[in-house]
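Work through the following exercises with the sequence and the coordinates at hand. Each task is followed by a solution in steps.

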Amino acid sequence: MPKLSAGLLLFRDVDGALEVLIGHPGGPFWARKDEAAWSIPKGEHEQGDDPWAVAQREFEEEVGKPAPQGVRLDLGELRQPSGKIITAFAVGADLDLDGTHSNTFTLEWPRGSGKFVEFPEIDRLAWCDIATARTKLLKGQRPLLDRLLGALAAR
């Protein structure tokens with residue numbers, strides 16, 4: 001059974017240009033990576049959990065603010081290269097990034113040192129235009145941008 005994850009892609013219109021909110025993963029493995037390293041706020045869940053509820057919970061944990069209310073667009077499921085299946089949703093909202101903060105995880109660092117350090121799950125959030133998001137997002141999540149554009153065009 002593949003791992004399951006659910007996430008929320010916020011979008012906004014700024015002077016006629018579409019922007020999306022994405023996050024850079026924290027921790028030493030991602031510290032020097034930018035291109036193809038960012039992700040939508042998301043998290044794992046168990047079979048039978050409500051993906052929409054999970055997406056909202058994970059958004060709040062990783063962004064430090066409740067998921068904005070708005071019309072929900074279902075972007076469907078997306079199988080990642082790892083085999084994980086992401087169920088993604090999009091909501092239009094202009095979230096102010098002041099005061100955002102992520103939950104943390106603990107990792108032995110440096111590996112084998114016996115020292116455990118806390119790192120934020122997301123160390124940076126940014127609003128990006130679609131072209132920039134296409135380069136920053138993990139390759140397996142880039143199709144979400146096309147799904148968002150398609151859903152918006154269909155409205």
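Predicted model: local features only at pLDDT ≥ 70, side-chain atom pairs only at ≥ 80, totals over all residues.

## Exercise 1: The buried face of helix 1

Task: determine which residues of helix 1 are buried and how they are arranged about the helix axis.

Solution. 

Step 1. Helix 1 covers residues 51-63, 13 residues in total. The distance from its first C-alpha to its last is 18 Å, close to the expected 18 Å.

Step 2. The buried residues of helix 1 are Trp-52, Val-54, Ala-55, Glu-58, Phe-59, Glu-62 and Val-63.

Step 3. Viewed down the axis of helix 1, the buried residues fall within an arc of 155°, so they line one face of the helix.

Step 4. The cover over these buried residues includes strand 1, strand 2, strand 3, strand 4, strand 5 and strand 8.

## Exercise 2: Helix 3, two sides

Task: repeat the analysis for helix 3 and identify the exposed residues on the face turned away from its buried side.

Solution. 

Step 1. Helix 3 runs over residues 143-154, which makes twelve residues. It reaches 17 Å between its first and last C-alpha, close to the 16 Å expected.

Step 2. Leu-144, Leu-145 and Leu-148 are buried in helix 3. The arc they cover around the axis is only 105°, which puts them on the same side of helix 3.

Step 3. The packing partners of the buried residues are strand 1, strand 2, strand 4, strand 5 and helix 2.

Step 4. On the face turned away from the buried side, helix 3 carries the exposed residues Ala-153 and Ala-154.

## Exercise 3: The polar partners of Arg-12

Task: is Arg-12 buried or exposed, and with which side chains does its own side chain make polar contacts?

Solution. 

Step 1. Arg-12 lies in strand 1. At 19% relative accessibility Arg-12 counts as buried, because the limit is under 20%.

Step 2. Not counting residues up to four places away in sequence, Arg-12 touches Ala-17, Leu-18, Glu-19, Ala-93, Asp-94, Leu-95 and Trp-127.

Step 3. Among them, Glu-19 makes a side-chain to side-chain polar contact with Arg-12 at 2.8 Å. Asp-94 makes one with Arg-12 at 2.5 Å, again between side chains.

Step 4. For Arg-12 and Lys-42, which are 30 residues apart along the chain, the C-alpha separation is 19 Å.

## Exercise 4: Backbone geometry in the loops

Task: locate a cis peptide bond and the residues other than glycine that have a positive phi.

Solution. 

Step 1. The peptide bond from Trp-109 to Pro-110 is cis, and its omega is near -5°. Trp-109 sits in the loop between strand 6 and strand 7, and Pro-110 is also in the loop between strand 6 and strand 7.

Step 2. Trp-109 counts as partly exposed at 31% relative accessibility. Apart from neighbours within four places in sequence, it contacts Pro-28, Phe-29, Lys-115, Val-117 and Phe-119.

Step 3. Asp-15 is not a glycine, yet its phi is positive, at about 50°. Asp-15 is in the loop between strand 1 and strand 2 and counts as exposed, with 81% relative accessibility.

Step 4. Ala-36 has a positive phi near 60°. Its place is the loop between strand 2 and strand 3, and at 23% relative accessible area Ala-36 is partly exposed.

Key:
Residues numbered from 1 in each chain as written. Heavy atoms only, no water. Helix = DSSP H or I, 4+ residues; strand = E, 2+ residues; numbered from the N terminus. Expected span 1.5 Å × (residues − 1). Buried < 20%, exposed > 50% of the residue type's maximum accessible area, 1.4 Å probe, protein only. Arc of directions from axis to C-beta. Contact = heavy atoms within 4.5 Å. Polar contact = N/O pair within 3.5 Å; in protein donor to acceptor, adjacent residues only side chain to side chain.
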